[in-house]
Amino acid sequence: MKIGLMKKIKNNFRKILVFCFIAIFLLLGWRIFLKDRAKGYREISIEDGTGTFTATIPSINTIVVNNNDLKISQELEDDGASVYLYIMGTDGNVLLESGMDNLKIHTNGFTYVPNSSFSNLPFALEEGKSYKITYTAFLQDGTKVDHLSFLLYGDSYDINRISFALVLMLIISLGIAIFGGLKKSVYFKTVFVLEAVIFLFLMPKLQTNLETESFSKAYATSSVILSKEYKGNDGHVLIDESGIRNNGYMSYDVPICRFWKDRNFGQVSKDNQQSHSEIKESTVYTITGNKWISDVFQIPSVLAVSLMRILKMPYQMIFACGWIVNFLMFFIFLSIILKKYENNVEIVDFVKVFALLPSVIISAFSFSGRGLLIITCLWICLKTYKTADDNKRRILIAVNVFIVLIRSIYIGNAFTFNAQNFPQKIDVFLHDIVLYDGNERDNLIFIMYVMLLCAVVSFIRISKSFAIRDTNGNRQQLTSRVITKIISFVILSVMVIVFEGSLVSGVSLIPVLFASFALAAYNSKGLCFINQGHKEKNILAIKNNPNISDKNSKGKHQNTDLRNRGLSYNNEVFSNKILILAAAMSILIAADGLYCL
Amino acid sequence: MKKNKSFILFSCIVFFMVLFWFCELRNIRINHMQIVESQSQKVFTAKYEDIREIALVYDGKENPVQGDTVDINIYDDSGKKIWNYKLSSDKIGENGITHKEDITKYKEKLKLSKGKTYSFECLSEGSKASHITLILGGDAISILGYYFFVCVLILVFVAFFVHITVKKTKSFYAFFAIMMVLLGILYNVTIKPLCVPDEIFHMSRSYLLGNYVLHTSEQTGNFEVPFYQSGVRRMDGLVTIEDLYHFYTDYDYGNVEENTTTQKYLSSAFPMPFYAFLPSFLGMTLARVMHLPYQFVICFGRLSNILFLALMAILAMRICPKLKNTIAAICLLPSVVWLCCSYSYDVWNISFCLLFVAYCFYIREKESGMKLKDIIILLMILVAFAPIKYVYVILVLTVLVIPFSQWKDKRLFWGSIISGVLLFAVMIIARGREVLNYLTTQNVDYRSVNGEVTTYTIGYVAHNFLDTVFVFFKTFYQNASAYLERSISGEFYNVYVPSYLMFAVFAIFMLVMVTTLYENNASDENEFVINKKMRIFSVIMIMMGNFVLYFAFLFLFTSVNQYDIGTIAGLHGRYFIPFYIFLPFALGSKKVSLKVNSFLKERTSLSGNTLLIYGLVVMNVLIIFFKFVGIAMEG
């Protein structure tokens with residue numbers, strides 16, 4: 001028994017070493033960046049600034065403020081205001097007068113705690129007792145400020161258990177990737193889902209411009225479905241839930257903890273089914289023109305948002321349900337592709353590496369429907385290559401290119417792209433392909449490029465896996481197809497950049513890549529996947545190499561697949577390494593997302 | 001056919017250059033500068049008419065302006081005051097232009113007549129302020145001329161490069177030396193001098209050495225360095241493309257003979273042996289002996305430094321040809337080219353570190369075994385670099401690669417151990433107190449922290465061991481990528497280099513490192529170089545080198561963060577470069593082989609690995625170009 005264990009350890013020594021190194025690295029990261037550092041606050045929310053509240057915390061230690069009035073947002077952001085808050089007992093006696101001058105207040109997002117220093121705090125409360133609250137606030141020029149919301153923070157709480165569990169999930173997925181390998185579909189899916197959970201936790205933080213714009217469209221569309229008014233002044237979407245309205249400035253731990261933990265804040269009030277505040281507009285969510293109709297890829301999230309609103313679920317559920325429905329759709333498509341092409345290792349490997357790109361996982365959740373767009377384009381691209389019928393193939397190519405371009409034209413903001421600093425912008429595109437819009441961090445540069453390299457290598461392997469003979473057995477010119485791909489990628493990219501304008505990012509170019517690959521199959525006369533040359537070599541390699549056991553412990557041929565797929569043994573090992581490397585890089589990027597809380 | 005391809009290559013380069021001009025630079029405007037030196041009796045003949053910027057520099061040790069503002073009066077040749085401006089006294093630069101005041105929005109425009117004589121005076125609280133130099137910026141122009149010049153230089157470089165590559169040049173060393181010097185010239189033309197960290201002090205030391213040779217007066221008691229060219233003294237503050245343009249075009253300015261000292265240029269900032277500055281001293285002094293303009297004094301110093309690196313690298317390559325490509329790749333890292341085209345003493349460190357390691361491997365392979373001559377040479381090399389940066393002493397462990405069998409004379413073996421111990425003792429006596437001081441007291445490098453702070457000492461680390469481990473980890477996590485990036489593309493101006501380019505350099509460099517020892521399928525021959533022991537030794541050397549650097553800077557530069565886990569301060573990417581020489585032994589792999597495709601095979605006899613070295617040259621040119629464009633875009 002012991003000898004067997006020792007032998008196993010000896011055989012897997014390198015794997016164990018790498019796993020231990022990265023696991024210790026992740027745990028140290030948790031200890032340094034998250035333990036006792038990532039925290040939220042126990043809080044009482046006073047959404048329209050005045051009224052009565054029941055104390056649920058023993059003391060008020062800090063007060064943070066949010067402005068709901070869009071008209072004075074600039075003044076409050078630049079010059080600040082003097083804010084005085086009064087807490088009274090039910091008998092009307094003032095128990096606390098707390099104030100602060102020159103407080104710079106965000107609109108639709110709460111003040112960062114270190115920037116808030118209200119006087120006479122902390123203030124002790126009697127838990128369960130009711131208190132009245134009111135406030136006065138003035139701009140520098142003496143104008144009265146109404147429509148402020150407050151959060152009364154009590155003690156902070158850490159999220160050590162949650163954060164440790166998340167890091168542990170990453171370590172488990174790393175273990176599965178290293179020891180199990182990602183060749184088995186079930187292992188890959190486990191790693192993929194575990195990573196997705198991490199990104200789901202981080203989603204409130206990843207609210208890029210496109211993300212908020214997409215959510216705006218989804219929410220507006222659901223308002224139309226629910227026969228509600230959907231747009232206010234200046235394109236601001238009318239939102240019932242104050243939690244959604246005040247969803248700005250979410251880039252750090254406190255608001256993320258609030259998002260996932262505070263069920264009292266931000267909901268539609270139950271008595272009148274209306275928001276607490278009379279202002280329903282938010283600076284965070286706007287739509288341009290009359291583009292309230294979401295594009296086809298947003299349909300699942302629109303339905304999810306509508307359903308959650310009908311069921312009057314908490315605002316967090318509206319977001320989460322949209323994200324999860326999108327992700328499920330992506331996951332189903334992904335599983336279908338993996339199943340459909342399971343006999344072609346290169347395709348499966350590429351799809352796996354590609355799916356592990358953090359940008360793709362985040363896109364899978366995204367309200368923009370990018371995840372579905374990407375997976376659809378990939379599916380059409382693969383189908384195009386497999387189809388022998390010329391007409392059918394041409395239709396598929398047209399559909400692929402059409403989807404890419406039409407969607408860009410629809411969501412885009414044509415000709416607003418600025419060509420200055422273009423070399424640096426290519427940088428941003430490349431970063432986005434791995435890290436999603438503008439989430440690059442200096443310490444991720446090399447990790448990001450290694451992951452990109454993995455994707456490129458597995459992509460090149462796909463090209464090689466396509467048979468280079470046509471149906472008549474004539475040799476195809478591989479170089480001409482490569483040139484076709486490059487030229488069509490450049491042309492389509494330029495078109496997308498022009499159409500999408502300022503919204504363009506690296507993620508947008510992923511479907512373009514698939515569309516251009518589909519285009520390269522235009523004259524391919526039906527490329528098939530199995531490379532006979534490789535297959536023969538492979539069988540020879542298995543026969544001649546005594547180290548490759550062709551039979552498993554039950555005596556069954558385990559390399560049959562290998563023979564049929566037309567892969568050489570070394571190629572198999574190489575592709576496995578690429579997969580593990582990509583998974584490890586993806587895990588490190590996910591960990592970095594957590595460490596940045 | 002060949003000609004066609006060359007034509008296409010050049011057309012593409014020209015196309016991209018034109019594209020860059022139209023997309024990035026065509027709107028950039030710079031002002032011509034006329035500098036009226038304080039030594040010139042404050043009389044000048046106007047070169048430009050429409051004055052848009054104005055700046056003042058004081059040339060003495062102390063700012064002669066007492067009040068909050070200084071009155072700048074300009075008089076025409078009849079003595080009539082034609083213009084007055086009040087400049088805040090804190091905007092007056094100390095021996096260098098630190099601020100240029102935009103006067104285009106000032107109520108009175110300053111218009112001069114070209115060719116006419118004017119004078120100026122500066123009044124501080126009613127009295128005349130002396131030792132003030134006036135800078136007038138006017139007649140804004142496009143930088144097309146400058147850009148065109150740089151582009152032509154790059155094209156000439158490319159033509160030369162292609163010529164050498166296609167001609168199948170036999171001598172790699174000649175290629176290497178020529179390319180290094182050409183890259184040095186390109187850097188000189190495109191990047192401002194004194195842009196490497198602490199370069200100003202290094203230049204002062206080189207200049208001071210020249211003073212010892214050329215003049216009777218030396219440094220003052222305050223370690224201030226006397227300058228004999230006003231332009232050299234005012235080098236600090238040369239920041240923008242405008243300054244650079246002026247540096248290369250105005251030969252009337254900066255050559256006033258003087259003997260001025262300033263507290264800005266001190267020779268004592270780095271108490272290290274003078275010989276680290278010998279290469280740049282030679283170039284500088286040569287230009288001074290020839291009475292060349294100050295621009296040449298500066299450029300010659302920089303060029304002689306890079307030439308020194310090239311020669312030392314060639315020497316190391318010749319000593320150990322198996323490390324030829326490794327050494328060449330390290331020297332052709334853009335950061336090394338940039339460092340060595342400056343006054344930095346790192347050129348000395350890197351050169352001798354490479355030479356030391358190369359010599360150790362040479363002895364390892366030598367048939368006749370270790371001789372007394374070898375020990376003397378090794379000790380001399382060690383003495384050359386170890387006192388400059390103590391952390392590199394760790395490279396002395398490279399002698400462990402010499403197998404015991406090479407020590408045929410056992411007396412020699414014991415003799416060298418004794419002399420090694422003696423040398424170590426001498427080093428401890430020389431700078432041991434300084435090291436001990438950093439390790440055990442609250443003293444740190446004067447450039448690192450100000451005020452009352454707790455710093456790391458051995459005692460503190462012992463009491464807070466876990467916290468210190470966390471500091472190491474956090475530094476590694478947050479900064480390792482930046483260190484790597486900067487050790488590849490240089491400390492400053494990284495922001496102008498797209499990261500894909502930087503990663504491409506990294507990928508090429510790593511490919512060289514992985515494949516170089518198995519070049520030409522000489523795997524059997526190299527078997528003894530990369531065995532398991534050698535691999536482990538190299539990994540340990542790299543890790544130890546990194547650790548020692550972190551450790552040194554923890555005590556030297558870092559203060560304890562009272563509120564959170566801190567990070568180690570003061571570490572630069574360039575410090576890690578000498579340890580890269582162990583990478584081929586740590587990462588070398590037979591499995592990765594480079595095959596030259598038929599297109600290249602027809603045109604050159606170079607191996608895949610050597611072609612990658614050529615690739616690094618191309619990358620250097622690209623990076624220089626991007627840095628230049630970036631600097632130009634800042635205007």
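Tutor: Start with one residue: A:Ile72 has 17 C-beta neighbours inside 10 Å, so A:Ile72 counts as partly exposed. The general rule is that a residue is buried if 20 or more other C-beta atoms lie within 10 Å of its own, exposed if 12 or fewer, and partly exposed in between, with C-beta atoms placed from the backbone. This is a predicted model, where local features need pLDDT of at least 70, side-chain atom pairs count only at pLDDT 80 or more, and totals for chains, interfaces and linings use all residues. Residues are numbered from 1 along each chain as its sequence is written, while chains are lettered from A and ligands numbered from 1 in the order in which they are written.

Student: Where does A:Ile72 lie, between which elements?

Tutor: Helices (H or I, at least four residues) and strands (E, at least two) are DSSP runs, numbered from the N terminus. A:Ile72 is in the loop between strand 4 (62–67) and helix 3 (73–78) of chain A.

Student: Which residues does A:Ile72 touch, not counting residues up to four places away in sequence?

Tutor: Two residues are in contact if their C-beta atoms, placed from the backbone, lie within 7 Å. Leaving out residues up to four places away in sequence, A:Ile72 touches A:Leu139 and A:Val145. The C-alpha atoms of A:Ile72 and A:Thr143 are separated by 9.9 Å, and these residues are 71 residues apart along the chain.

Student: How is a sheet read, and what is the strand order in the open sheet of chain A?

Tutor: Two strands pair if DSSP finds at least two bridges between them. The open sheet of four strands in chain A has the order 2-8-5-6, with antiparallel pairing. Strand 2 (51–54) and strand 6 (94–103) of chain A are its edge strands, each pairing on one side only.

Student: How many bridges join strand 5 of chain A to strand 8 of chain A?

Tutor: Strand 5 (residues 81–88) and strand 8 (residues 130–139) of chain A run antiparallel and are joined by eight bridges. A:Met88 stands opposite A:Lys132 in strand 8 of chain A.

Student: At what angle do helix 2 and helix 21 of chain B pack?

Tutor: Axes are lines fitted to C-alpha atoms, for helices over the stretch in contact, and angles run from 0 to 180 degrees between N-to-C directions. Helix 2 (residues 144–166) and helix 21 (residues 608–633) of chain B pack at about 175°, with axes 11 Å apart. Angles under 35 degrees count as roughly parallel, over 145 as roughly antiparallel, 65 to 115 as roughly perpendicular and the rest as oblique. Helix 2 and helix 21 of chain B are therefore roughly antiparallel to each other.

Student: What about helix 3 and helix 21 of chain B?

Tutor: Helix 3 (residues 172–190) of chain B packs on helix 21 of chain B at an angle of about 5°, with their axes 10 Å apart.

Student: Which residues have the most contacts inside the largest nonpolar core?

Tutor: A nonpolar core is a set of buried Ala, Val, Leu, Ile, Met, Phe, Trp, Tyr and Cys residues joined through C-beta atoms within 7 Å. The largest has 291 residues, and B:Ala313, B:Leu354 and B:Phe356 have the most contacts inside it. Helix 8 (residues 294–319) of chain B gives the most to this core, 15 residues.

Student: How many residues of chain B are in contact with chain A?

Tutor: In chain B, 17 residues are in contact with 16 residues of chain A. Helix 15 of chain B gives the largest share of the chain B side, nine residues.
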